[in-house]
Amino acid sequence: MSPRTRFADRAEQYARYRPDYPAAAIDAVLDGAASPDALTIADIGAGTGISSRMLADRGAAVLALEPNLPMILAAEVHSRVRFIAAGAEATSLRSCSVDLICCFQAFHWFEAETALEEFHRVLRPAGRLTLVWNQRDRTDPFTEAYSRVVHEFASQHPAEERKGVADPIFSTPRFRGAEVVSFPHAQALSFEAFIGRARSTSYLPSSGEAWEKLLARLTELHQQWRDERGEVRLGYRTEVYGAVRT
């Protein structure tokens, strides 16, 4: 499935059940930049705008680029967020027009070298690029149990492994000073939200016999691990990679 269309049938679940990002991670994204209300940020691969709204809540003007129309239509409106139907490799943005480019939970879907060339063109001199992922914290027992089920049904999809996805910003001549910081995060999920969270994952089955088998496993997992409120808690390490335009 093309990265530009693979979430088309999961936009509603994505908007409702994907996790947000910890405040400390947003702080790290904005670290070293001007006051947020003076920033123009391009959030590329914005999906349904989860990260775009968090940045806009800090006062920034956010251009949310997303090539998948159903994801845009599922996004909650925010006065400081403007959606643009475009992708990472051809943003349609003017050269040297933004202060900061962010890619939340998205860079692994891009053609890395082409995207980095485009980011370099769009950023102002010394502008900053940040790549952010919520990575499941497999030191947490429940999260590890969930990860094993996902891995079983993911058919060895590379997005599940997500190894070395940020490596290109450490080797490209277009950016310098690449570094990474990480922060703890968690998502409390009712049974409905837990199933919705799984259904928002593009490389997991969403119908047919494979989905029924996955649903049975997830139901068993939730019943085994739920707390007195009927919730389970997925643990994450939110990784923030940053580099500066050369």
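Colleague: Which residues is L123 in contact with, leaving aside its neighbours within four places in sequence?

Modeller: L123 is in contact with C96, V98, D99, L100, I101, R128, L129, F175 and R245, where contact means heavy atoms within 4.5 Å. This is a predicted model, in which local features need pLDDT of at least 70 and side-chain atom pairs count only at pLDDT 80 or more, while totals for chains, interfaces and linings use all residues. Residues are numbered from 1 along each chain as its sequence is written, and side-chain values use heavy atoms, with hydrogens and water left out.

Colleague: How far apart are L123 and R245 in sequence and in space?

Modeller: The two residues are separated by 122 residues in sequence, and their C-alpha atoms lie 7.2 Å apart.

Colleague: Why is L123 called buried?

Modeller: Its relative accessible area is 0%. Buried means under 20% relative accessible area, exposed over 50%, and partly exposed in between (1.4 Å probe, protein chains only), so L123 counts as buried. L123 belongs to strand β5 (residues 123-136); strands (E, at least two residues) and helices (H or I, at least four) are DSSP runs, numbered from the N terminus.

Colleague: What makes F107 and F110 an edge-to-face pair?

Modeller: Rings of Phe, Tyr and Trp (its six-membered ring) pair if their centres lie within 6.5 Å; planes under 30 degrees apart count as stacked, over 60 as edge-to-face and the rest as tilted. The structure holds eight aromatic pairs. In one of them, the ring centres of F107 and F110 are 5.8 Å apart and the planes stand at 80°, so this pair is edge-to-face. F107, at 2% relative accessibility, is buried, and F110, at 16%, is buried as well.

Colleague: What makes R199 a charge over the ring of W211?

Modeller: The rule requires NZ of Lys or CZ of Arg within 6 Å of the ring centre and within 35 degrees of the ring normal. The charged end of R199 sits over the ring of W211, 4.5 Å from its centre.

Colleague: Which strand pairs with β2 over four bridges?

Modeller: Strand β3 (residues 81-84) does, in the parallel sense; the bridge partner of L63 in β3 is R82. Four of the five residues of β2 (residues 61-65) are buried.

Key. Pairing = 2+ DSSP bridges.
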